[in-house]
Amino acid sequence: MRTAPSAIHLPGCKSASQRALVLGALAGGENRIHGLSACRDSMELLAALAACGVEHRWEGVPGAEAASLILRGAAPQEWQPRSQEPISVGEGASTLRFLMATLGAGIADVRLRPAAALAARPHGELVQLLQGLGAEVTNESDASGALLRIRGCGGFGARRVEIPKLRSSQTLSALWMAAGDAPITWSLAENPSSRGYLDLTAEMMRHVRGDTVLREVESQRLWEQAAGFGADVSVRVLA
């Protein structure tokens with residue numbers, strides 16, 4: 001006897017979910033995300049965004065097919081952390097790196113606490129680029145473990161950024177999403193690895209911030225980014 005086929009709901013893509021959360025937190029007004037993955041990394045990033053002052057609420061059960069997350073977003077310079085306590089970022093490298101770049105473009109003085117395994121991973125590439133853009137990034141520690149302290153520079157400004165070698169696509173994705181206060185040009189000396197993740201970031205940015213926000217001038221080597229963070233957007237995260 002044949003039975004009716006069952007419907008299987010696949011969770012939203014984690015990589016797209018991380019980017020949707022950051023882009024939604026930076027766009028002005030009320031921003032809606034559909035199909036967000038409720039995996040640990042996404043929930044840790046959402047909790048960290050809340051600690052940075054980004055308000056949110058759920059419509060429906062988190063992770064359910066019909067659920068929506070509504071974020072009250074603002075540019076990095078408007079973020080105001082809710083306390084002076086370190087903000088936990090868990091074990092996700094994208095959570096840490098995306099927050100590092102966004103806070104580096106802000107004005108707050110914030111300490112991030114990664115899990116021990118994450119703290120041991122290399123993040124020097126992004127640290128050096130943020131320092132070159134004017135942010136202060138220092139390694140600290142307390143009785144509970146490693147900390148990363150970030151003092152924002154108030155915006156990256158209009159400039160050209162030279163990147164000698166890009167070891168992680170998350171570095172450039174993080175910087176693209178955090179930039180928006182002024183036009184900026186990104187120049188890479190070598191073709192980037194994991195190009196697919198950069199394409200994902202660029203596609204989502206164009207959806208949130210407009211078709212002309214990011215233009216690839218020279219294949220894989222040169223991008224021009226326009227100012228702006230978008231406002232009142234709706235994003236669907238695909239499985």
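Tutor: Start with strands. Helices (H or I, at least four residues) and strands (E, at least two) are DSSP runs, numbered from the N terminus. Two strands pair if DSSP finds at least two bridges between them. Here, H34 stands opposite R236 in β12. β1 and β12 pair in the parallel sense over three bridges.

Student: What should I know about the model itself?

Tutor: This is a predicted model: local features need pLDDT of at least 70, side-chain atom pairs count only at pLDDT 80 or more, and totals for chains, interfaces and linings use all residues. Residues are numbered from 1 along each chain as its sequence is written, and side-chain values use heavy atoms, with hydrogens and water left out.

Student: In which sense do β1 and β3 pair, parallel or antiparallel?

Tutor: Antiparallel, over six bridges. Strand β1 covers residues 29–34, and strand β3 covers residues 68–73. Look at G29: it stands opposite G73 in β3. I33 has L69 of β3 as its bridge partner.

Student: What is the strand order in the sheet with β1?

Tutor: The order is β2-β3-β1-β12, in an open sheet of four strands with mixed pairing. β2 (55–59) and β12 (234–236) are the edge strands, each with a single partner, so one side of each has no neighbour in the sheet. Neighbouring strands here are turned by 20° against each other on average, direction ignored. For such angles, axes are lines fitted to C-alpha atoms, for helices over the stretch in contact, and angles run from 0 to 180 degrees between N-to-C directions.

Student: Which helix lies across β2 and β3?

Tutor: Helix α2 (residues 40–51), and it runs at about 135° to β2. Contact means heavy atoms within 4.5 Å.

Student: What is the order in the sheet that holds β8?

Tutor: Read it as β8-β9-β11-β10, an open sheet of four strands with mixed pairing. β8 and β10 (214–218) stand at its edges with a single partner strand each, so one side of each is left without a neighbour in the sheet. β8 and strand β9 (residues 184–188) pair in the parallel sense over five bridges. There, I163 has L188 of β9 as bridge partner.

Student: How do I read a helix?

Tutor: An α-helix has 3.6 residues a turn, so residues three or four places apart point the same way. Next, ask what is buried (under 20% relative accessible area; exposed is over 50%, partly exposed in between; 1.4 Å probe, protein chains only). In helix α5 (residues 124–132), E125, L126, V127, L129 and L130 are buried. Their cover includes α3 (93–104), β6, β8 (159–163) and α6 (169–178). Just after α5, G134 takes a positive phi of about 115°.

Student: Is V137 buried or exposed?

Tutor: V137 counts as buried because its relative accessibility is 6%. It sits in strand β6 (residues 136–142). Leaving aside neighbours within four places in sequence, V137 is in contact with V127, L130, Q131, L148, R149 and I150. The C-alpha atoms of V137 and L148 are 7.0 Å apart, though eleven residues separate them along the chain.

Student: How is empty space found?

Tutor: Rolling a probe the size of a water molecule over the atoms shows where empty space is left. The lining here divides into five nonpolar, two polar and no charged residues for the largest cavity. Nonpolar means Ala, Val, Leu, Ile, Met, Phe, Trp, Tyr, Cys and Pro; Asp, Glu, Lys and Arg are charged; the others, Gly among them, are polar. A cavity is a set of points, on a 1 Å grid over the protein atoms alone, where a 1.4 Å probe fits but cannot get out; lining residues have an atom within 4 Å of a point. The residues that line the largest cavity are P76, W79, T102, L103, G106, I107 and A108.

Definitions and conventions: On a 1 Å grid over the protein atoms alone, a cavity is a set of points where a 1.4 Å probe fits but cannot get out, and a pocket is an open set with protein on both sides within 12 Å along at least five of seven lines; lining residues have an atom within 4 Å of a point.
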